[in-house]
Amino acid sequence: GTQTGCVSVGYYSYSKYFEEDGLISPQIDRTGTDSLALIFDYSYANLLYQDNTPKPQPGSFTSTRYASAFTYSDTLDVRISTDCGASWKSVWRKGGDELRTTRRAERSNDFGEGGEHTAATAEDWGTEEIDLTVPLGSENSFLIKFNGKGGFGNNLYLDNISIRDTNVIVNRPNWASAFERDLNVAPNPAAGKTYV
């Protein structure tokens, strides 16, 4: 739409392997609907280290040069909870090439620089629709969690997150009003990066 921002996770610059980040929705009430879908846009390009480029090593802060190219990847796992976050059930999971929405980014200079994914064009994005009807069963109240796991890969972006009744054709709503009530963002107002 007309919005100029999105949610991003900076796995490109993370120094810890398998670090996890989660974005959890406000409580959602589905009373009166028997079928729901979660829809969101995402953008990701895993990071390819070219031959003889310094590559970070899992579990350490050191880099090693290898004679062959190596691709690092991150994972996005969408989960739901019907018990206020005490437990979570995965309803969609992708990582690496499966998560990729555009061509791989490349690091190729002697310092292992370059290749940061910025999701700059519409062609860099994909849309996913997940049927929540079966996973939710008869539960009327639930949370959604976007859980990312870093693997020295690249930046991950989320946008246009919405829930819809699949029995009704509607324009995609967004969660802006709910997020404004339940999330604190600093600094506010901000230009560039903010922290939730």
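Which side chain meets that of K94 in a salt bridge? The side chain of E128 does, with an N to O distance of 3.4 Å, and the legends below place this pair in its setting. The structure is a predicted model, in which local features need pLDDT of at least 70 and side-chain atom pairs count only at pLDDT 80 or more, whereas totals for chains, interfaces and linings use all residues. Residues are numbered from 1 along each chain as its sequence is written, and side-chain values use heavy atoms, with hydrogens and water left out.

**View 1. Overview of the protein.** The secondary structure comprises two helices and 14 strands, taken as DSSP runs (helices H or I of at least four residues, strands E of at least two) and numbered from the N terminus. Of the 196 residues, 40% count as buried, a term that means under 20% relative accessible area, with exposed meaning over 50% and partly exposed lying in between (1.4 Å probe, protein chains only). Among contacts between residues at least 6 apart in sequence, 74% join residues at least 24 apart, a contact being heavy atoms within 4.5 Å. The protein exposes about 11,200 Å², of which carbon and sulfur atoms supply 48%, as computed by the Shrake-Rupley method with a 1.4 Å probe.

**View 2. The salt bridge between K94 and E128.** The structure holds six salt bridges, each defined as a side-chain nitrogen of Lys or Arg within 4 Å of a carboxyl oxygen of Asp or Glu. In the pair shown here, the side chains of K94 and E128 meet at 3.4 Å, N to O. K94 lies in strand β10 (residues 89-95) and E128 in strand β12 (residues 125-131), so the pair ties together parts that are 34 residues apart in sequence. K94 is buried at a relative accessible area of 18%, and E128 is likewise counted as buried, at 17%.

**View 3. The salt bridge between E20 and K149.** The closest N and O atoms of E20 and K149 are 3.9 Å apart. This pair links distant parts of the chain, with E20 in strand β2 (residues 20-24) and K149 in strand β13 (residues 141-149), 129 residues apart. E20 counts as partly exposed at 42% relative accessibility, and K149 is also partly exposed, with a relative accessible area of 26%.

**View 4. The salt bridge between D77 and R79.** D77 and R79 form a salt bridge in which the closest N and O atoms are 2.9 Å apart. D77 counts as buried, at 7% relative accessibility.
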